[in-house]
Amino acid sequence: MSDQRFDIAIVGGGMVGAALGLALAQRDFSVVLLEARQPPLDWEPGSYDLRVSAISRASQHLLENLGVWQAMLAERVTAYRQMHVWDRAGFGEIHFDAADLSEPDLGHIIENRVTVRALWEAFDATGLTVISPAKVCGLVIGDQDMELQLADRPPLRVGLVVGADGARSQVRQLARIDARNEPYDQHGVVATVRAERGNQATAWQRFMPRGPLALLPIEDELFSIVWSTTPDEATRLCEMSEPSFNASLTQASEARLGALFVLGKRAAFPLSLQHAERYVQPGVALLGDAAHVIHPLAGQGVNLGLLDAGALVDALIAGRESGRPVGALRDLRAYERARKGHNLATQLTMDAFKHLFGNDNSVLSLTRNLGLGLSGRIAPVRRLFERLAMGQGLELPRLSRPAPPR
Ligand SMILES: Cc1cc2nc3c(=O)[nH]c(=O)nc-3n(C[C@H](O)[C@H](O)[C@H](O)COP(=O)(O)OP(=O)(O)OC[C@H]3O[C@@H](n4cnc5c(N)ncnc54)[C@H](O)[C@@H]3O)c2cc1C
């Protein structure tokens, strides 16, 4: 085994792995973060990341508590105060307003690269060790320590290996943890678009038979869109001319924002539902998309991952305070108990909504026509969206709670 030993190795430095690494390093754990691809920390002014996330209040608190939120606010971070959700024409509509919740906003729309950069830039002030690009090629599980084998450098000896390496997690595979994967027959087409009527700090989501169309405000006149549809249709939408795409998108949004115009590239991501059969085993923990992948319709993927990160920090601190070695199975199990049920419930609820609202089959059409259209389903939908946006309804990890007033 190598002489270089760390308490924790985190594989994957996306939003979730980077947040976990920063939090643990700030709390004096010795941490090494291994990232396969150095993320872009510099970009052309006026360019837009196709990947954006709706960040919940609980995630905002976590980023504030990590000390990176102020740096993010200096970038493009858009508070949205209203959200319109509607079904196919005639089935009703829900309108959410932050004012009704006595909240300043319903959350923030943030380009993923902005979050990643703020977290990575904060590493310098901690003792975190970063290896990037890193190529993991093996994992040996020992009684005390794990050995993480790397392609081009000596192996690392660590107490705990954390897989934060996304949906196709190599750590999950090396640890032989199975994951249930159910591909949706849908791809999410993402693009940045300009709206004739501006964005009015409002998010929009329309449920259609092939999948939901979400328009998330990112600047005065701009939206980032996620248009979930069949794989064939997604390819067509990505390949058609800009004028044809603009016309299709304007029609799909029922021109509620006036005409829509795409800016720059379009891309499509396959969508699936995935859940690891367990999050932990001796010396190994999974979190974020490595543990669970959810349909983007309620914009919850990274929010759930950041709750995982907060819960794992709580569990590791509890272990250290009780004198247990870092990554003791008892503490890993406490982390899994805190998160797995909630992630599973959120995932299944999203899945049910996807089927209920996005389905064109006759039984569902009948229930709608019997008066159980979107308007008849408003109360539970409203409660769910409010809870998710505000991060309410569960015992939040310490990092995800508002910071105590100074
Ligand atoms: C179209 C779309 C829209 C979405 N919108 C939202 C939204 O509005 N709100 C929301 O909360 N979520 C949203 N999501 C989900 C969200 O993007 C993911 O949940 C989130 O990115 C997961 O973060 P992560 O850090 O766990 O994984 P990832 O973002 O996948 O990061 C994993 C990191 O690990 C690295 N890596 C992978 N393999 C290795 C390896 N072997 N060794 C070292 N490093 C490795 C990768 O390079 C990457 O940096 C959306 C997803 C899609 C597809």
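I began with the ligand shell, sorting its residues by class: 14 are nonpolar, 14 polar and 4 charged. I am working from a predicted model.

Next I asked which residues come nearest to the ligand. Of the 32 around it, these are G14, G166, G288, G299 and G301.

I then looked up which elements supply the shell. Helix α1, strand β3 (52-55), strand β12 (179-195) and helix α8 (301-321) each give at least two residues. I noted α8 as the element that gives the most, with 4 residues.

I paired α1 (residues 15-26) with α4 (residues 112-122). Their axes lie 9 Å apart, at an angle of about 25 degrees. Angles under 35 degrees count as roughly parallel, so I logged α1 and α4 as roughly parallel to each other. I recorded their crossing as left-handed.

Which residues meet there? From α1 I listed M15, A18, A19 and L22. From α4 I listed N112, T115, V116, L119, W120 and A122. I sorted this contact by class too: 8 residues are nonpolar, 2 are polar and none is charged. I kept the helical repeat in mind: with 3.6 residues a turn, residues three or four places apart in an α-helix point the same way.

Last, I checked α2 (residues 57-65) and asked how many of its residues are buried. I found 7 of 9, and marked the helix as mostly covered. The buried ones are R57, A58, S59, Q60, H61, L62 and L63. After α2 I came to G67, and noted its positive phi, near 80 degrees.

Methods: Residues numbered from 1 in each chain as written. Predicted model: local features only at pLDDT ≥ 70, side-chain atom pairs only at ≥ 80, totals over all residues. Axes fitted to C-alpha atoms, helices over the stretch in contact; angles between N-to-C directions. Parallel < 35°, antiparallel > 145°, perpendicular 65-115°, else oblique. Left-handed = near helix turned anticlockwise from the far one by under 90°. Contact = placed C-beta atoms within 7 Å. Nonpolar A, V, L, I, M, F, W, Y, C, P; charged D, E, K, R; others polar. Near = placed C-beta within 6 Å. Buried ≥ 20, exposed ≤ 12 C-beta atoms within 10 Å, placed from the backbone.
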